[in-house]
Amino acid sequence: MRDDDRGDDGAPDPVDARLAARLAELRAEHGWSLGELAERSGVSRSTLSRAERAETSPTAAQLNRLCAVYGRTMSRLLGEVEGEPALLVRAAEQPRWEDRTAGFVRRSVSPPHAALRGELVEGRLAPGADIAYDRPPVPGLEQHVWVLGGALEVTAQDVAHHLGTGDCLRMRVWGPTRFRCAGPEETRYVLAVVLP
């Protein structure tokens, strides 16, 4: 949720409000001040404070940094704010999270479950979207990127991989990665994530 993503009544989106509460809980569980979390994550203290009060939603890159500090994948964190895990999640009920500033929409396809190691995520990048993650949420994370439509450039370990429709890239993530829409139309891809 960006500042302008509030409803007509001024209230934050319910998922963003639950995400804000969960972020505050996680920080409290670790006994960290906002300043300590800012140092660990590289996200400013003011941004963290506003995110925990649901005044703004973290960007995809900021949320990735927080997930890395808390040792969670983004799907696991977002699954924690969605409620009880189910065996089946219908397409219309699959949680979506949007970073409008970056032009990125993320849909958790797999039913979330903290005890399982694999998950499927659908990503959509608008033309010109370029998202850089400075670290994986979990070092050694295995990812399979399968492009369903458009063109995608994925950079990992300083190597750029150009993917077209139907191409699939497998990688272990130890350091920074970058996902860039490399064509004139939206890029749609599936990301299979497997914890080490």
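**View 1. The buried face of helix 2 in the predicted model.** In this predicted model, helix 2 spans residues 34–41, and its buried residues are L34, L37, A38 and S41. Viewed down the axis of helix 2, these buried residues fall within an arc of 105°, so they line one face of the helix. Just after helix 2, G42 adopts a positive phi of about 80°.

View 2. The side chain of S41 reaches the backbone nitrogen of V43 at a distance of 3.1 Å. When neighbours within four places in sequence are left aside, the residues in contact with S41 are L48, R65, L66, V69 and R135. One of these, L48, is also among the buried residues of helix 3, the helix shown in the next view.

View 3. The residues L48, S49, A51 and E52 of helix 3 are buried. Around the axis they cover an arc of only 165°, which puts them on the same side of helix 3. Helix 1, helix 2 and helix 4 are included in what covers these buried residues of helix 3. Just after helix 3, A54 takes a positive phi of about 60°.

**View 4. The salt bridge between R53 and E55.** Which kind of interaction joins the side chains of R53 and E55? They meet in a salt bridge, with an N to O distance of 2.9 Å. R53 has a relative accessible area of 45% and is therefore partly exposed, and E55, with a relative accessible area of 29%, is likewise classed as partly exposed.

View 5. R107 is found in strand 2, which runs over residues 104–108. Because its relative accessibility is 19%, R107 counts as buried, the cut-off being under 20%. The side chains of E122 and R107 meet in a salt bridge with an N to O distance of 2.7 Å. E122 lies in strand 3 (residues 118–125) and R107 in strand 2, so the pair ties together parts that are 15 residues apart in sequence. Apart from neighbours within four places in sequence, R107 is in contact with A91, Q94, P95, R96, L120, V121 and E122. The salt bridge is part of a network of such bridges that links R107, E122, R124, E186 and R188.

**View 6. The salt bridge between D130 and R178.** The side chains of D130 and R178 meet in a salt bridge, with 2.6 Å from N to O. D130 lies in strand 4 (residues 130–133) and R178 in strand 9 (residues 177–181), so this pair ties together parts that are 48 residues apart in sequence.

**View 7. The whole protein chain, as context for the close-ups.** The protein chain contains 5 helices and 10 strands. Its radius of gyration is 16 Å, close to the 16 Å that the globule rule gives for 196 residues, so the chain is as compact as a globular protein of that length. Taken along the principal axes, the C-alpha atoms fill a box of roughly 40 × 35 × 35 Å. Of the 196 residues, 45% count as buried. Among contacts between residues at least 6 apart in sequence, 67% join residues at least 24 apart. The protein chain exposes about 9,800 Å², of which carbon and sulfur atoms supply 51%. The structure holds 15 salt bridges, including the pair formed by R53 and E55 and the pair formed by D130 and R178.

Notes: Residues numbered from 1 in each chain as written. Predicted model: local features only at pLDDT ≥ 70, side-chain atom pairs only at ≥ 80, totals over all residues. Heavy atoms only, no water. Helix = DSSP H or I, 4+ residues; strand = E, 2+ residues; numbered from the N terminus. Buried < 20%, exposed > 50% of the residue type's maximum accessible area, 1.4 Å probe, protein only. Contact = heavy atoms within 4.5 Å. Arc of directions from axis to C-beta. Rg over C-alpha atoms; globule rule 2.2 N^0.38 Å. Areas by Shrake-Rupley, 256 points an atom, 1.4 Å probe, with all protein chains shown as cover. Salt bridge = Lys/Arg side-chain N within 4 Å of Asp/Glu carboxyl O. Polar contact = N/O pair within 3.5 Å; in protein donor to acceptor, adjacent residues only side chain to side chain.
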